[in-house]
Amino acid sequence: MESVYWSGRLRRLSPYIPGEQPRDRQFIKLNTNENPYPPSPRVFEAINRAAGETIRLYPDPSCLELRETIAARYGVKPSQVFAGNGSDEILAFAFAAFFPGASAPAGTIALGTTATAGTAAPTGTMSATGTLSTTDATEILFPDITYSFYPVYADLWAVPCKTVPLDGDFVIHPEDYRIPNGGIIFPNPNAPTGRVLDTAAILSLAEWQERQGRVLIVDEAYIAFGGRTLIPHISTHPNLLLIHTLSKSASLAGLRVGFAVAQEELIEGLCRVRDSFNSYTLDRLAQAAAAAAVADAPYYEGLARRIIATRARVTVELENRGITVIPSLANFLFIRFPGLSGAAAAAALREQGILVRHFNRDRIADFLRVSIGTDEEMDMFLQECKKIVGVCL
Ligand code: PMP
């Protein structure tokens with residue numbers, strides 16, 4: 001559909017398409033990386049406490065109590081924490097706050113286009129890993145295979161961008177990003193691959209970026225499942241912005257809370273965007289529930305251990321069946337069936353009541369992203385995988 005009432009910019013947008021949330025049939029949902037276990041009981045107590053007469057009052061626009069709880073848990077100051085309505089909202093704010101936008105000089109990439117390093121202007125020079133460098137310092141960089149919301153935000157805010165190819169094993173090479181740029185963003189672990197990057201390599205890239213006067217955003221949405229957060233390093237890296245979500249590790253995808261941690265000047269930048277958009281992004285119930293979740297670290301560390309153990313078991317069982325599994329430190333696996341397209345494998349699983357995520361995109365069309373569910377759910381998934389492999393061998 002298109003409407004005469006739509007602005008030109010709106011017409012050119014290709015919005016993000018979230019994974020299916022079925023309403024009719026009962027599915028085993030392994031398609032949107034939700035946590036299969038319930039939130040801490042303290043979350044419900046907090047919601048009950050907050051659901052009182054005070055709901056007639058606006059919530060605290062600064063989310064101070066939640067920020068204090070996050071700060072205490074991670075050993076930073078409340079002024080170094082920003083809370084938002086899901087990490088997607090924080091990502092959107094960050095693109096607007098820190099990346100050069102539509103005012104970029106003429107000659108840079110226009111709204112709605114994403115170049116790929118390696119196919120861009122032929123005047124550049126090749127890096128050790130084959131990435132083309134250009135001298136254009138306004139394009140932001142992110143991997144060619146990554147969270148598919150990044151190009152959407154870039155379009156929305158008219159931020160010129162360029163993708164940097166992962167290698168053949170889906171590994172990010174931080175040295176490929178050492179080209180003049182308008183900013184860098186990637187998830188660690190990366191999505192949808194699950195591959196993690198080494199802390200020292202990211203910090204060294206952050207230092208390089210600092211010398212360029214540019215920001216490095218690391219989206220740590222999946223860091224709780226075996227990776228190491230960079231939060232302890234924000235004190236020495238003024239250009240490093242870390243974004244977390246309570247959707248996965250805290251079993252609160254339905255609540256919509258995320259947070260960012262960085263030095264005050266970056267946090268203040270996010271506040272400026274929020275306060276030019278919607279002062280009250282988190283309601284009273286969400287603020288109270290999120291604070292209760294963050295305060296119950298032992299409960300959630302237990303959940304993460306269970307998910308990690310299931311991930312290890314499922315990885316081995318899939319590999320034993322000849323299915324390729326990319327090593328993952330996230331709450332999902334990126335897998336490929338032998339001799340079968342990703343679309344066909346996803347359809348076969350759906351037929352049996354199991355939803356997984358398939359991205360019909362270059363390089364990864366044969367892969368599926370499978371969230372780690374309960375052991376029982378994963379046993380059913382493995383059963384079906386066995387049948388699919390039996391058919392295609
Ligand atoms: N970053 C990455 C890499 C993700 O996969 C997701 C989940 N789709 C998000 C951010 C957003 O999470 P949320 O908005 O639920 O906090």
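Modeller: β12, β13 and β15 form an open sheet of three strands, in that order, with antiparallel pairing. This is a predicted model, in which local features need pLDDT of at least 70 and side-chain atom pairs count only at pLDDT 80 or more, while totals for chains, interfaces and linings use all residues. Residues are numbered from 1 along each chain as its sequence is written, and side-chain values use heavy atoms, with hydrogens and water left out.

Biologist: What makes β12 and β15 edge strands?

Modeller: β12 (324–326) and β15 each have a single partner strand, so one side of each is left without a neighbour in the sheet. From one strand to the next the twist averages 30°.

Biologist: How do you know that β12 and β13 pair?

Modeller: Two strands pair if DSSP finds at least two bridges between them. β12 and β13 (residues 332–336) have three bridges, in the antiparallel sense, so they qualify as a pair. One of the contacts sets T324 against R336 in β13. The strands themselves are DSSP runs (E, at least two residues), and helices are runs of H or I of at least four, numbered from the N terminus.

Biologist: Which strands does β6 pair with in the parallel sense?

Modeller: β6 (residues 140–143) runs parallel to β7 (residues 161–164), joined by four bridges, and parallel to β8 (residues 183–187), joined by two. P143 is opposite V164 in β7, while L141 has I184 in β8 as its bridge partner.

Biologist: Why is the unit of β6, α5 and β7 called right-handed?

Modeller: The term applies if, with the strands pointing away from the viewer, the path from the first strand over the helix to the second runs clockwise. The β-α-β unit of β6, helix α5 (residues 150–156) and β7 is assigned as right-handed by that rule.

Biologist: What makes R363 and D144 a salt bridge?

Modeller: A salt bridge is a side-chain nitrogen of Lys or Arg within 4 Å of a carboxyl oxygen of Asp or Glu. For R363 and D144 the N to O value is 2.7 Å, so the pair counts. The pair links distant parts of the chain, 219 residues apart: R363 is in the loop between β14 (354–355) and β15 (367–371), and D144 in the loop between β6 and α5.

Biologist: How many salt bridges does this rule give?

Modeller: The count is 14. Among them is R11 with E2, at 3.7 Å. R313, E317, R321, D375 and D379 are linked in a network.

Biologist: Why are α3 and α8 called roughly parallel?

Modeller: Helix α3 (residues 64–74) and helix α8 (residues 284–295) pack at about 15°, with axes 9 Å apart. Angles under 35 degrees count as roughly parallel, over 145 as roughly antiparallel, 65 to 115 as roughly perpendicular and the rest as oblique, so α3 is roughly parallel to α8. The axes are lines fitted to C-alpha atoms, for helices over the stretch in contact, and angles run from 0 to 180 degrees between N-to-C directions.
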